[in-house]
Amino acid sequence: MPLMINRGQELIRISPKDARKIEYSTNGGRFWATRCQGTSTRDKFIDLTDNGKEILGQTDNGKLFYSTTEGRSWIRRR
């Protein structure tokens, strides 16, 4: 399960300290910044997938979210 993906000039990952957060790096992982605080207070990301025009994020509760904004915002896929 990828906890980090490469999107263009960025690395995007699930935060190792708080799985509700998405972080990004523009310098090969030397520095990480928070991109998104998460989908809810309960859902924790467990997997990220680069799906071309969108990023897919699966949570520990079995929910699937997608982002077309490089992980800045997430929408639940139903």
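Trainee: Which residues is Lys 63 in contact with, leaving aside its neighbours within four places in sequence?

Mentor: The model is a predicted one. In it, Lys 63 is in contact with Arg 42, Asp 43, Gly 57, Gln 58 and Arg 76, once neighbours within four places in sequence are left aside. Lys 63 itself lies in the loop between β6 (55-59) and β7 (64-67).

Trainee: Is Lys 63 called buried or exposed, and why?

Mentor: The relative accessibility of Lys 63 is 17%. Buried means under 20%, so Lys 63 counts as buried.

Trainee: What makes the link between the side chains of Lys 63 and Asp 43 a polar contact?

Mentor: The distance given for this pair of side chains is 3.4 Å. A polar contact requires N or O atoms within 3.5 Å, one able to donate a hydrogen and the other to accept it, and the pair is therefore listed as a polar contact. Asp 43 and Lys 63 are 20 residues apart in sequence, and their C-alpha atoms are 8.2 Å apart in space.

Trainee: Where is Asp 43 placed, and how do you know whether it is buried or exposed?

Mentor: Asp 43 is in the loop between β4 (33-36) and β5. Its relative accessibility is 2%; the limit for buried is under 20%, so Asp 43 counts as buried.

Trainee: Which side chain is joined to that of Asp 43 by a polar contact of 2.6 Å?

Mentor: That partner is Asn 61. Leaving aside neighbours within four places in sequence, the contacts of Asp 43 include Arg 20, Thr 59 and Phe 65.

Trainee: Why is Glu 70 called partly exposed?

Mentor: Glu 70 has a relative accessible area of 24%. Buried means under 20% and exposed means over 50%; the value for Glu 70 lies in between, so the residue is partly exposed. Glu 70 is found in the loop between β7 and β8. Although not a glycine, Glu 70 has a positive phi of about 60 degrees.

Trainee: How many aromatic pairs does the structure hold?

Mentor: The structure holds one aromatic pair. The rings belong to Phe 45 and Trp 74, and their centres are 5.0 Å apart.

Trainee: What makes the pair of Phe 45 and Trp 74 tilted?

Mentor: The planes of the two rings are at 50 degrees. Under 30 degrees would count as stacked and over 60 as edge-to-face, so this pair is tilted. Phe 45 lies in strand β5 (residues 45-50) and Trp 74 in the loop between β7 and β8 (75-77), so the pair ties together parts 29 residues apart in sequence. Both Phe 45 and Trp 74 are buried.

Trainee: How do you know that the charged end of Arg 35 sits over the ring of Tyr 24?

Mentor: The charged end of Arg 35 is 3.9 Å from the centre of the Tyr 24 ring. The distance limit is 6 Å, with a further condition on the angle to the ring normal. Likewise, Arg 77 lies over the face of Tyr 66, at 4.3 Å from the ring centre.

Trainee: What makes β5 and β8 edge strands?

Mentor: The strands form an open sheet of four in the order β5-β6-β7-β8, with antiparallel pairing. Both β5 and β8 are edge strands: each pairs on one side only. From one strand to the next, the twist averages 30 degrees.

Trainee: Why do β5 and β6 count as paired?

Mentor: β5 and β6 have five bridges in the antiparallel sense. Pairing needs at least two bridges, so these strands count as paired. As one example, Leu 48 has Gly 57 in β6 as its bridge partner.

Conventions: Residues are numbered from 1 along each chain as its sequence is written. This is a predicted model: local features need pLDDT of at least 70, side-chain atom pairs count only at pLDDT 80 or more; totals for chains, interfaces and linings use all residues. Side-chain values use heavy atoms; hydrogens and water are left out. Helices (H or I, at least four residues) and strands (E, at least two) are DSSP runs, numbered from the N terminus. Buried means under 20% relative accessible area, exposed over 50%, partly exposed in between (1.4 Å probe, protein chains only). Contact means heavy atoms within 4.5 Å. Rings of Phe, Tyr and Trp (its six-membered ring) pair if their centres lie within 6.5 Å; planes under 30 degrees apart count as stacked, over 60 as edge-to-face and the rest as tilted. A charge sits over a ring if NZ of Lys or CZ of Arg is within 6 Å of the ring centre and within 35 degrees of the ring normal. Axes are lines fitted to C-alpha atoms, for helices over the stretch in contact, and angles run from 0 to 180 degrees between N-to-C directions.
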